[in-house]
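Subject: Structure for your review

Dear colleague,

Please find the structure below. My notes on it follow.

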Amino acid sequence: SKEELIMSQKINPNEASLTRWIATIIVGYILGGVVLLLPWILIKVIFPDFLINSPFGFMASIVELMIPFFFLFLGTVIAIKWIAKTSLRDFLFKGSRKLKKKDCAIILSLYALGMLICYIPNIPNITLRGITPGSFVILFVFCSLFVWAQTSWEELIFRGIFIRYACKNDIKMSKKAVFWGIFSSLFFMAVHGINPEVLSQSGWQGIPAMISYAIPGMGLYFANIYYQSLVPGLLIHWLNNFVIFVFVSESITAGGSPSLFVDTSSATGFENMTATIIMYMPLYLYFAYQIYKKKKAA
């Protein structure tokens with residue numbers, strides 16, 4: 001019948017082809033860029049001193065970093081609906097397992113533990129930056145409102161689209177999922193290779209500095225696979241960046257964050273890579289334990 005023909009031509013949620021997913025990335029980027037164009041011209045060309053002289057002047061670099069991500073996120077959400085023919089809700093949650101609030105609490109707690117373990121050895125090198133209480137409140141509120149957009153856009157692009165293509169609606173481990181997990185992690189690493197904390201490394205230290213981005217790329221990808229949802233990656237990535245932008249950042253970092261504390265240890269690329277592995281270790285151990293329990297019960 002005509003109705004059945006129309007239904008057969010529709011794309012099931014998250015069943016889009018690789019070409020359609022790539023088109024989703026490109027269209028989302030273009031849409032975000034077009035919407036961003038006007039405010040960007042106002043801030044950077046017509047009123048170049050407005051941001052510097054505003055209450056956000058002390059954190060102008062982080063504002064300039066976050067605003068584009070906000071529009072890119074909106075553009076990508078529209079493209080997911082328009083090009084990939086699926087809703088954001090299905091894109092994030094479509095899986096056979098329902099993510100519980102307890103799971104979210106465990107994810108955040110384990111990652112926070114990993115971050116704490118990494119920060120403890122650097123305590124002697126962590127000092128107050130000298131930010132005023134009023135400026136800190138502004139920074140905290142701004143990052144609360146905008147960091148999620150930056151991390152969410154990266155998760156949609158670097159993890160979500162690859163997982164949805166590899167797994168469709170059946171999110172589980174497979175050879176195809178592993179292949180695209182490795183590819184997406186290398187893609188994530190390559191894009192972040194222009195970050196100042198990578199470029200500031202000398203000689204071969206730039207290599208482990210770049211690898212320190214591939215490691216969380218893999219960690220976030222397979223955490224999403226394990227929970228059959230994109231929410232774990234969203235939570236971990238948000239917590240990581242929020243802490244860096246608001247509380248403790250390295251002396252050289254993307255966004256030039258005026259965080260409350262600064263880590264002056266000037267870690268090498270190898271030290272950054274080692275710290276990243278340690279940071280994800282509590283999560284990996286938890287996943288390994290849960291998998292072992294399931295296999296033993298089976």
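In which helix is the place of Ile182? Ile182 sits in helix α8, where helices (H or I, at least four residues) and strands (E, at least two) are DSSP runs numbered from the N terminus. Ile182 is partly exposed, at a relative accessible area of 40%; buried means under 20% relative accessible area, exposed over 50%, and partly exposed in between (1.4 Å probe, protein chains only). From Ile182 to Gly217 there are 35 residues in sequence and 8.5 Å in space, C-alpha to C-alpha.

Some conventions before the rest. This is a predicted model, in which local features need pLDDT of at least 70 and side-chain atom pairs count only at pLDDT 80 or more, while totals for chains, interfaces and linings use all residues. Residues are numbered from 1 along each chain as its sequence is written, and side-chain values use heavy atoms, with hydrogens and water left out.

Helix pairs

Two packed helices are described by the angle between their axes and the distance between the axes. Axes here are lines fitted to C-alpha atoms, for helices over the stretch in contact, and angles run from 0 to 180 degrees between N-to-C directions.

Helix α8 (residues 175-191) packs with helix α10 (residues 206-227) at an angle of about 140°, the axes being 8 Å apart. The two, α8 and α10, are therefore oblique to each other; angles under 35 degrees count as roughly parallel, over 145 as roughly antiparallel, 65 to 115 as roughly perpendicular and the rest as oblique. The crossing of α8 past α10 is right-handed. A crossing is left-handed if the near helix is turned anticlockwise from the far one by less than a right angle, and right-handed if clockwise.

The other pair is helix α4 (residues 60-82) and helix α7 (residues 133-167), whose axes come within 8 Å and cross at roughly 45°. That makes α4 oblique to α7. By class, 20 nonpolar, three polar and one charged residues form the contact of α4 with α7 (Ala, Val, Leu, Ile, Met, Phe, Trp, Tyr, Cys and Pro count as nonpolar, Asp, Glu, Lys and Arg as charged, and the others, Gly among them, as polar). The crossing of α4 and α7 is left-handed.

Individual helices

α7 has 35 residues and spans 47 Å from its first C-alpha to its last, close to the 51 Å expected at 1.5 Å a residue; the expected span of a helix is 1.5 Å times one less than its number of residues. A kink of about 40° in α7 is centred on Leu156, the bend at a residue being the angle between axes fitted to the seven residues ending there and the seven starting there. Of the 35 residues of α7, 26 are buried, so α7 is largely enclosed by the rest of the structure.

α10 has 22 residues and reaches 33 Å from first C-alpha to last, close to the expected 32 Å. Here 18 of the 22 residues of α10 are buried, so α10 too is largely enclosed by the rest of the structure.

α12 has 29 residues, and its reach of 42 Å from first C-alpha to last is close to the 42 Å expected. α12 bends by about 45° at Met281, with a proline, Pro282, following within four residues. Among the buried residues of α12 are Gly269, Met273, Tyr280, Pro282 and Phe287.

Positive phi

Most residues other than glycine have a negative phi, and most peptide bonds are trans. Ser266 is exposed, with a relative accessible area of 54%.

Lys85, also not a glycine, has a positive phi of about 60°. Lys85 is in the loop between α4 and α5 (88-93) and is partly exposed, at a relative accessible area of 44%. Two helices are followed by a residue with positive phi: Lys168 comes after α7, with phi near 55°, and Gln228 comes after α10, with phi near 55°.

Two further residues

Phe69, in helix α4, is buried at a relative accessible area of 14%. Phe69 and Gln201 are 132 residues apart in sequence and 26 Å apart in space, C-alpha to C-alpha.

Thr127 belongs to strand β1 (residues 126-128) and is partly exposed, with a relative accessible area of 37%. Thr127 and Phe56 are separated by 71 residues in sequence and by 22 Å in space, C-alpha to C-alpha.

Regards
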